[in-house]
Amino acid sequence: MIDLLQINPGLWVILAGIIAALVPVNAVRKVLVVLAPLVAGALIFSIYDSQKVLAGQIDIYGITLTTLRIDNLSIVWAYLFCLAGFINGIYALHERSLVTDATALMYTGAAIAGVLAGDLLTLFVFWELTAIASVFLVWRGGDHAYTAGIRYLVIQVLSGVLLLAGAVTYAASNGGDFTFGYIGLDAPGAWLLLIAMGIKAGFPFLHMWMQDSYPKASITGTVILASFTTKFAIYALARAFPGTDLLIWIGCIMVLFPIIFAALENDNRRNLAYSINSQLGFMVIGIGIGTTIAINGVAGHVFANVIAKGLLFMSVGAVMYRTGTAKASELGGLFKSMPYTSALCLVGAGSLAAVPLFAAFVTKSLIFYAAIKTGLWVPFTIMLFGTAAMIGVTEIRVPLSTFFGQDRGHRVKEAPWNMLVAMSLAAVICLFIAWPFGGYSLLYSLLPNPTDYNPYTGDHVVFQFQLLFGVMLAYAFLKRIGLIRQDRKAEVIDADVIYRRWGKGFAIWADAMWSRLGANVLRWRATSQASIGRKLSQAFSPAGSLSQAAPSGLPAVLTAGLLLLFLLFAYVAQ
Amino acid sequence: MTTPTSTDTTEMHPAAKKLAFLGSDKTRRNFIWVPLVGFLLTSFLGIFFPQKYPAPWEKIGDFAIPASWAIFGLIMFAAVAFLTPFFSKLFVKPEGFYPGESLPDARSDQGEAS
């Protein structure tokens, strides 16, 4: 008799996805999409009783796999992914697409199963499944998303291959033990694992897949994509590399570099993708610091970020659903048509900006506090700069340009009811987890380590408002005097220009050169052969020079000379 | 597509009509007072609620600057805004730079997406 509670709950969601792929009835699929993550969450709740759970052990060729591990770290991500899957399911109710429903479930299930994996091989399986399932969400974006989807798939699969190589190398040096726990950079195979995780987590120069694919996916696809892949990688990093100093500095670069790209970007969905990258930087810094409060900050900020960023993606998606675009240069004044979406977008923006009473206020400050406590003033200052800059370039700019900027004359309907319900749920969570009277303490009780940190101190509230008003004042003043760059249609190039433009150009040039060179070589060979043949023919043919009447002594001398040469060669050879 | 005037309330969502002032030029022009008052007020409150753990750059000797984050936010965002045109020359290309991969424009019919 199989104990159902021994089975990784993510597998049930994947199974629901497989069933959804076979069911042509939209209503049945929608029930699966909404309920499956809830059922998985309920199962996790019933399995986990605040003690570490190891279950679902399988022996394959002498390797013991632990397919289910629920502990104080994985539980945060598992609940979060179930919640995000549920909200995303509601958001996607209007979309009649078998592909979206099935792959969204498989992707969500793979992410849940992945964070609950107890060993590196199980992790690898779900790591790859997230890649394969999610690429269909990119392709659902339309023809313009096809090549982006291919690039996305190649990069994600490469990440999986590196993960597997790292896992095998690590296990080989560890007596064949694939247990997924702390690894550290000194372990064999660790760098492969770090790069694999870094690809999915958006490390600098490995991040471009995010800004390439997210804006091109379908409206619901982008919302779903933004919830899982990168946060799954953050979980893996938090599990394998806590306290790795290098991550602090990688995180600092991640916080900084998206700022300028987000400031230049015209497409709101791509702007938000850069914002994700910057927020991931905070999490990576937290993992690098590695103290208990820092890891709490990472887990808490992942929670706040998935919900708040999801809310922003949902509101931008709702606008796109009604107007057909997410380009800031074509939007403006939409609060007149979509007032509820506008208000909900502001809640998402406030939550990401860490405004008191909004989500990230109680989570980001944990990472700041960890940096302060360890005397890491440079990373602290970089994080503060990142917060200030992203408030201006994303959290003020996206709602402002879309809903309150110059009226572009769009008179559209408010978002569909299901989108409003999903956004409202996310907004309520954003406000609830930051609520000073019981809200944040509930979130903190879910975090990996016990904490008595209180975010609602007078100085924290005042100084956080100072930062917000400082940025707002600069924004309003510079806008008034015309120094804020106007949104305009443009393509912002990132490091992926290396392979999307230069690499492609080089490949086309090399192909043309090869073809031209090949043609020249063929022509030269043909000319040479013809020339030699002609010369031989001129000499030896019946009409050739050697066949013509010549002094009788000459052939004899030539023959004797050739014979002498032959004998000399034969002698030397001996 | 015609661009309505900022005070035009026809075709507005009923829930948005009471907030129509948000779209007026006057509101936009005077909005700067909100962050200015907020900036001054929170800077003042910083005297009464000093930073518990000020960074080295937030102090002059042993004195923690009461408006340090307000000034920091103001200067840092201004720096980003001033740097943006420079980076724009480096990184911004015309739309269609990657052929066949441009993101969709607004629909003229304002219908629903498929």
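## Helix packing and chain pairing: worked exercises

Glu491(A) stands opposite Lys93(B) in E3(B). The model is predicted, with local features needing pLDDT of at least 70, side-chain atom pairs counting only at pLDDT 80 or more, and totals for chains, interfaces and linings using all residues. Residues are numbered from 1 along each chain as its sequence is written, while chains are lettered from A and ligands numbered from 1 in the order in which they are written.

**Exercise 1.** Determine in which sense strand E3 of chain A and E3(B) pair.

*Solution.* Strands are DSSP runs of E with at least two residues, helices runs of H or I with at least four, each numbered from the N terminus. Pairing requires that DSSP finds at least two bridges between two strands. Residues 491-492 of chain A form E3, which pairs with E3(B) in the antiparallel sense over two bridges.

**Exercise 2.** Describe how H2(A) and H3(A) are oriented to each other.

*Solution.* Using axes fitted to C-alpha atoms over the stretch in contact, with angles from 0 to 180 degrees between N-to-C directions, H2 (residues 26-47) and H3 (residues 74-91) of chain A come within 7 Å and cross at roughly 165°. Angles over 145 degrees count as roughly antiparallel, and H2(A) and H3(A) are therefore roughly antiparallel to each other.

**Exercise 3.** State how many residues each chain gives to the contact between chains A and B, and which element of chain B gives the most.

*Solution.* Chain A supplies 71 residues and chain B 66; on the side of chain B that touches chain A, H3(B) gives the most, with 17 residues.

Technical notes
Angles under 35 degrees count as roughly parallel, over 145 as roughly antiparallel, 65 to 115 as roughly perpendicular and the rest as oblique. Two residues are in contact if their C-beta atoms, placed from the backbone, lie within 7 Å.
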